[in-house]
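Good morning, and thank you for coming. I would ask you to look at the model on the screen while I go through a few of its local features.

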Amino acid sequence: MSPPAAAYGGPDWKRFTSHVGEHVLVVPFSRVYDLSADAARNFDAGSPDARAAVAALAAPAEGEVALDIVEEPPVQSLSLNVSVHCNLSCGYCYAGRGNFGGRQGAAMSWEVAKAAVDRLLAGADATRPITVGFLGGEPFVNRPLLHRIVRYAADAAGAGGLDVRFSVTTNGTLLRPEDHALLRAHRFAVTVSIDGAAELHDVQRPLHRAGGSSLADLIRGCAGLLAEPGRAQVAARATVTHGVVDLRERFEAILAMGFPEVGFSPLRRAAPGAGAFLDEDWPRYTRAMIALARGELAQARRSGRIRLSNLAVALKQIYRGASSPYPCGAGGGYVSVASDGRWYACHRAVGDPEFELGGNDGLDADARRRFLAGRHVHAQPGCRGCWARYLCSGGCHQEEAARTAASCDHVRDWLEFCLSAYCDATGLSHAPDEAPPPTGELAP
Amino acid sequence: MSTTPPMKLLPRNAAAFRAGSGREARLAAGNPVSTRLESGVGNCFPGLECDVRNLDRRFFPFLEVDIIDNFIIVAAVDLNGAERSLAVGDLPEAAAETYRRLAGGGGENITWLVTRLKGHFGPMGELDLEVGALSTPSNGRPVDAWTAVRLLDEDSEVELTLRPYRRTGTLVLKGRRARYLDGNGALAAMFQAGELTQSLCSPWTHDFRDCGCFYWASNHPDIVTPVRLAAEPADPAWNRHVDWLRSERSMAAAPPPPDQGRDTNARRLLQMDHYEINHAWQSLHIVLEGREQGTPYVPRAPKAEALDPGRLEEYLRYVAGVELAVMHEYLAAAYSLRADVTGLSPGLADDIRAARSEIMRVAIGEMTHIRAVNDVLASWLGRARYQPALQVSRTLPLGGGTQVRPQAALPAAIDRFIDIERPSAGVDGLYARILATLEKHGTDEQEQMVRRIMAEGEEHQQTFEFIKVWLGRHAPVDYLVAANPPVPPDGHAGHTAVQSTYQGILELLYDGYLTGGINGAQSVNGARMAMLPPNGLAAQAQAVAAEGLLVVFDPIDDPRFVPIDAPQDAV
């Protein structure tokens with residue numbers, strides 16, 4: 001139960017319980033503490049002691065950056081929209097099969113891609129990893145450029161002493177053995193879009209031209225990589241559309257194909273009739289996600305591995321104390337390069353002037369500053385009073401218009417579940433009036 | 001001010017720990033990392049990283065004193081501090097005036113001495129001491145000025161009487177004995193950065209020569225085995241102790257002359273003189289593993305041969321069994337020592353207490369090794385194939401294989417323990433083969449776990465060497481509960497209780513290890529609780545020992561715990 005916001009000017013803590021005891025999340029910097037029963041009562045009553053403790057803990061610790069600052073970090077990651085076509089025609093595609101409704105016409109050239117990578121290498125903080133991502137359309141439609149730019153970036157980064165990593169989001173249907181070899185040889189995060197078993201996947205993600213099963217092509221394309229991923233990390237990502245009832249069946253179906261982990265993304269925004277979530281979908285989706293996550297936690301206690309990406313990422317973020325005024329790196333450490341060399345804050349915003357931040361010829365610093373200031377979570381009126389504001393940070397910029405009370409309730413309910421799950425997973429309460437700390441890692 | 005205790009929030013994620021550590025572990029300006037305890041290069045010897053006597057130089061508010069023998073000399077006065085205290089009403093004007101005079105307010109350059117010290121001196125109670133008259137024997141008083149200051153109770157009322165050196169007149173000051181730590185447990189603000197180390201000497205200089213071991217930020221050895229020219233010289237004299245500070249530094253074919261033992265005059269003649277160490281410090285050798293090093297140090301390469309990886313499981317199960325078996329032997333020996341030492345001479349009582357607690361510590365160390373070996377096994381086999389290794393071995397890898405033989409802590413038993421723990425032999429030799437295998441086929445984590453066990457084995461051997469010395473000073477009849485304690489007879493109630501608890505502990509460990517991780521913690525913790533007083537294994541075993549019987553554990557007829565034999569080529 002959160003204390004009443006009006007009492008002290010904004011929820012800077014979130015009280016929650018787990019099977020191991022009482023806890024509090026200090027919202028700035030996402031600090032999680034165990035509480036004794038007395039301390040929990042103090043928080044629930046919004047006592048001066050509790051407020052003073054939170055006020056002290058809400059200050060940045062060493063190495064942390066104040067949350068009201070609009071940072072302008074160097075660009076460490078960019079995605080190249082290497083292709084403007086796709087061999088599938090998914091109704092919900094944000095990119096209009098790659099041409100963004102005509103805003104991205106011709107495929108990316110070698111010169112444009114190379115210039116973007118050169119600019120990334122020149123401006124990045126060399127002590128931290130850089131990432132080159134590939135999007136489209138389907139990136140492997142433009143296979144020659146993708147291969148060439150990976151080799152170029154790897155060589156150039158190596159010569160400059162930079163640690164380069166790659167990512168690609170693909171429908172998996174066009175992958176060939178030479179692609180597998182490339183993905184295995186580099187540190188690639190490979191995200192394969194797959195929505196479930198054939199009867200669902202083939203409907204939501206049909207082949208563009210001929211009839212047939214896109215899932216069959218996907219399985220053919222990915223099998224070799226899944227069997228032998230090398231340095232690549234392969235994960236599946238499933239889009240969930242209106243009418244969701246149960247996720248388990250899709251989850252199991254995708255795992256059965258050999259994917260080591262699966263993440264779900266609800267469709268918040270799409271063309272009319274393409275299956276975007278309605279308010280009525282969110283409670284169902286929350287229940288389905290929590291049910292799936294509970295099963296996965298039980299499974300993980302046996303196997304030691306969590307296969308639901310949403311849960312694994314959330315637990316990892318809670319452990320670290322992830323806390324950011326931005327939901328992603330868009331416009332900050334990350335930009336997306338359109339096929340014409342223009343830079344956009346986000347790969348979903350190609351061609352949108354509000355998201356344009358310059359190009360290969362130079363980052364538009366003013367535009368970038370305006371974008372970041374406008375997207376800061378403190379600038380979102382609906383987010384200021386929310387305890388989840390530094391974990392959710394307002395959600396995807398592109399989906400802002402689709403944000404409703406129901407979708408925000410989902411975020412809070414899911415995060416509260418994950419906070420409890422984190423405490424359950426990390427053992428007995430350390431609070432003084434509870435049992436002694438777990439000693440399972442100690443001898444004998 | 002609120003009287004309720006501050007609310008405790010116990011951190012559970014990294015961000016919460018960051019909030020705590022950022023406030024506590026911030027670097028103080030002026031204290032380089034080299035002043036931290038863990039940075040002391042002499043940590044391998046019991047040296048000093050700070051001189052606690054510097055604390056007492058500020059025992060009285062606003063004064064800094066030098067304490068030398070029976071003199072307490074005012075070295076500095078914090079007049080600003082005194083004036084501030086006066087301004088807020090904490091210090092009377094008369095006292096402030098006294099501080100002004102001590103600070104030379106009259107324009108005279110006077111040295112002030114504390115001649116009387118009145119206060120509460122810890123266990124010695126209220127005393128009014130004439131500082132110059134303190135002496136040995138103490139006659140119920142502190143033996144010298146520093147001891148007196150040290151004994152003063154923190155925050156208690158202290159009265160100083162001060163006199164100007166070689167002049168007449170006295171001043172009296174009252175104040176509270178300063179608190180050396182602030183409310184957060186950090187050094188009080190009055191101490192300057194680096195102040196606690198200021199009296200330490202610098203190594204490798206003039207009086208490093210013959211100053212005692214205790215005032216060095218870094219330490220030096222007294223005797224060593226000499227640097228040798230051949231890898232394995234035939235003459236045993238190369239293994240004789242020599243004086244590390246010897247002035248004869250030639251690298252001759254013959255070994256250097258032996259150390260002169262306790263004859264300090266003879267030693268002195270053979271050592272470098274003060275001026276020599278200033279000139280020739282670089283010729284003093286670095287010492288590793290007790291031996292001077294003449295060439296760049298190369299760690300001893302493990303001589304053990306790697307196993308066929310298919311056999312590693314068999315070896316790990318055996319070595320876990322060996323750990324259990326030596327634990328049986330060590331516990332039998334520990335409990336054979338007298339638990340009640342009242343009425344014994346202090347020397348005998350101390351030796352028994354030390355030996356008993358050290359053998360017990362080593363036995364507990366073996367228990368941790370059982371856990372570590374099981375962790376390696378689980379990680380080697382994978383959780384799906386792993387079954388805990390908790391079968392006691394029938395033999396120990398000693399002298400071609402010897403039966404497990406629990407016995408009292410007689411000299412022969414201690415010698416046997418030394419052999420069991422000897423590096424490159426016995427148990428260590430077994431681990432060396434496991435390590436060589438993991439170096440080729442295992443993970444870094446598995447390798448490190450085995451290395452840690454091996455390092456602790458070496459420490460165990462040294463511990464038994466010490467125990468041999470301690471117990472060797474007395475006759476066994478004086479330190480044993482019974483001269484030759486027999487194994488408990490069949491059906492003995494106390495022994496039956498021990499055996500039952502022991503089996504219960506193994507079952508809990510089996511379940512805990514098998515489950516692993518957090519879920520297994522409850523069982524492992526249950527096993528631990530079953531050992532502890534008042535009704536645990538420790539108390540039950542002590543009851544058996546008190547009857548003059550040997551504490552032993554019978555073989556268990558359960559496939560999980562049934563005794564195992566050594567692999568054929570293991571001993």
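The structure holds 1 cavity of 30 Å³ or more. By cavity I mean a set of points, on a 1 Å grid over the protein atoms alone, where a 1.4 Å probe fits but cannot get out. Grid points are joined across faces, edges and corners, and the volume is the space filled by probe spheres set on the points. The largest cavity has a volume of about 80 Å³.

A word on the basis of these values. This is a predicted model, in which local features need pLDDT of at least 70 and side-chain atom pairs count only at pLDDT 80 or more, while totals for chains, interfaces and linings use all residues. Residues are numbered from 1 along each chain as its sequence is written, chains are lettered from A and ligands numbered from 1 in the order in which they are written, and side-chain values use heavy atoms, with hydrogens and water left out.

Which residues line the largest cavity? They are E323(B), E366(B), H369(B), E421(B), V427(B), D428(B), Y431(B), I453(B), M454(B) and G457(B); a lining residue has an atom within 4 Å of a point. At least two lining residues come from each of helix 8 (346-381), helix 10 (426-441) and helix 11 (444-472) of chain B. Helices here are DSSP runs of H or I with at least four residues, strands are runs of E with at least two, and both are numbered from the N terminus. By class, the lining has 4 nonpolar, 2 polar and 4 charged residues. Ala, Val, Leu, Ile, Met, Phe, Trp, Tyr, Cys and Pro count as nonpolar, Asp, Glu, Lys and Arg as charged, and the others, Gly among them, as polar.

I turn now to chain A. In strand 10 (residues 334-337) of chain A, Y334(A) and S336(A) point one way, V335(A) and V337(A) the other, and all are buried, that is, under 20% relative accessible area with a 1.4 Å probe and protein chains only (exposed is over 50%, partly exposed in between). Strand 10 of chain A runs parallel to strand 4 (residues 77-81) of chain A, joined by 4 bridges; pairing requires at least two DSSP bridges. L80(A) has V337(A) as its bridge partner.

Finally, S393(A) has a positive phi near 60 degrees, although not a glycine. S393(A) counts as buried because its relative accessibility is 3%.

Conventions
On a 1 Å grid over the protein atoms alone, a cavity is a set of points where a 1.4 Å probe fits but cannot get out, and a pocket is an open set with protein on both sides within 12 Å along at least five of seven lines; lining residues have an atom within 4 Å of a point.
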